[in-house]
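Thanks for coming, everyone. Please bring up the sequence and the structure, and we will walk through them together.

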Amino acid sequence: MIIDAHAHLVAPDSLYSYLSTLRASGGTYGNASPVSDEALTASAGSNLKIMDSVGTDMQLLSPRPFQLNHSAKPARVVHMWVRANNDTIARTVQMHPTRFRGVAGLPQVAGEGVQICFEEMDRCINELGFVGVLLNPDPGEGDGKTPNLGDEYWYPLWEKLVKMDVPAHIHSAGCYNGREVYDEHFSSEETLAIISIYRSAVFEDFPALKLMVSHGGGSIPFQIGRWRSHHALHGRRLVTRWKSFDEFFRKFHFDTCVYTKDPLELLFKIAGPDRCLFGTEKPGSGSGIDPETGRSYDDVKPTIESIASLSAADKTAIFEGNARRIFSRIDSGKPAQR
């Protein structure tokens, strides 16, 4: 079985038109479901065709990150918008319960404590049957004011995730600081997420915490020598018990959304096949056509299958086993009946 651990909701335009209404009215209007059953059936069907064309059996669906609008004001706009996304994901899962599982968007609000997300998190996990949460490490969306993931600001969330045995998929959202667009922001925040936790006691305080970092861990695998040297020079000064940077790095999990063979081989070598989950974001930013293969870049399965250093057991773990182990509710959680 092929489980795509990094996929986002394919929804009709009516969902995103709803966001315009929320923002224009400050959340005064917009309580009704913005997506009809007919429109959602069509969009979900189009996604199934894409999945079938590349052999994907199941996708773990989360909201499209760059449109989460965590920096929007007032806060009720964020709450209403994220809830609408999660409800649309739940309806998609209900339509195709063998093909999709939900990963909840969190209503993170710039400038607010992380506890503001807990009510929606409980609803999605306990009532809607979702299997994980999508975590934006920068809800300020480029304003530079959010504490990094090593800060105790995040500790209430880490505690709750461990208690519920729920993994967090680290994936930044929009960026409005004028220096970078969301694509660059993703890579920057993924790198910062890992390094900020490295410089903290997060994994010492929460050893069972399960974090999957998007896009192969940002720049870290390519820059691994720099961080090995940093650990050799400064490791004793850090609040850490890690013998090496590599040992720490392997506390995370990573998706395979880097799309081409060379970086995938590097990721598998450094992180280990047991820490990597098949992920494509298909359809998404990787859907351009690779002129060398004639396939879209996000058709990652044949590329992984071509890597000679991976055993058959490694490939099974990457394509399915690791996702079932990390997202432990995939099998036990049933889609909610709405």
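Predicted model: local features only at pLDDT ≥ 70, side-chain atom pairs only at ≥ 80, totals over all residues.

**A walk across the sheet**

How many strands form it, and in what order? There are 8 strands, ordered β1-β2-β3-β4-β5-β6-β7-β8. The sheet is open, and the pairing is parallel. Which strands stand at the edges? They are β1, residues 3–8, and β8, residues 276–277. Each has a single partner strand, so one side of each is left without a neighbour in the sheet.

Helix α2 covers residues 37–54 and packs on this sheet. There α2 touches β2, residues 58–62, and β3, residues 100–105. The direction of α2 makes about 135° with that of β2.

Next, β4. This strand spans residues 132–135. Where do its side chains go? G132 and L134 point one way, V133 and L135 the other. In a regular strand the side chains alternate between the two faces of the sheet. Are these four buried or exposed? All of them are buried.

Look at the neighbours of β4. On β3, the pairing is parallel over 3 bridges. A104 stands opposite V133 there. How does the chain get from β3 to β4? It crosses through helix α4, residues 118–127, in a right-handed β-α-β crossover.

On to β5, residues 168–170. That strand is joined to β4 by 3 bridges, and the two run parallel. V133 comes up again here: its bridge partner in β5 is A168. The chain crosses from β4 to β5 through helix α5, residues 155–164. That β-α-β crossover is right-handed.

**Two helices together**

Last stop, α1 and α3. Helix α1 is residues 13–25, and helix α3 is residues 75–95. What angle do they pack at? About 165°, with their axes 10 Å apart. That makes α1 roughly antiparallel to α3, because angles over 145 degrees count as such. Their crossing is right-handed.

Which residues meet there? From α1, they are L15, Y16, Y18, L19, L22 and R23. From α3, they are V77, M80, W81, A84, N85 and T88.

That is the tour. Questions, please.

Notes: Residues numbered from 1 in each chain as written. Heavy atoms only, no water. Pairing = 2+ DSSP bridges. Contact = heavy atoms within 4.5 Å. Axes fitted to C-alpha atoms, helices over the stretch in contact; angles between N-to-C directions. Buried < 20%, exposed > 50% of the residue type's maximum accessible area, 1.4 Å probe, protein only. Right-handed = clockwise from strand over helix to strand, strands pointing away. Parallel < 35°, antiparallel > 145°, perpendicular 65-115°, else oblique. Left-handed = near helix turned anticlockwise from the far one by under 90°.
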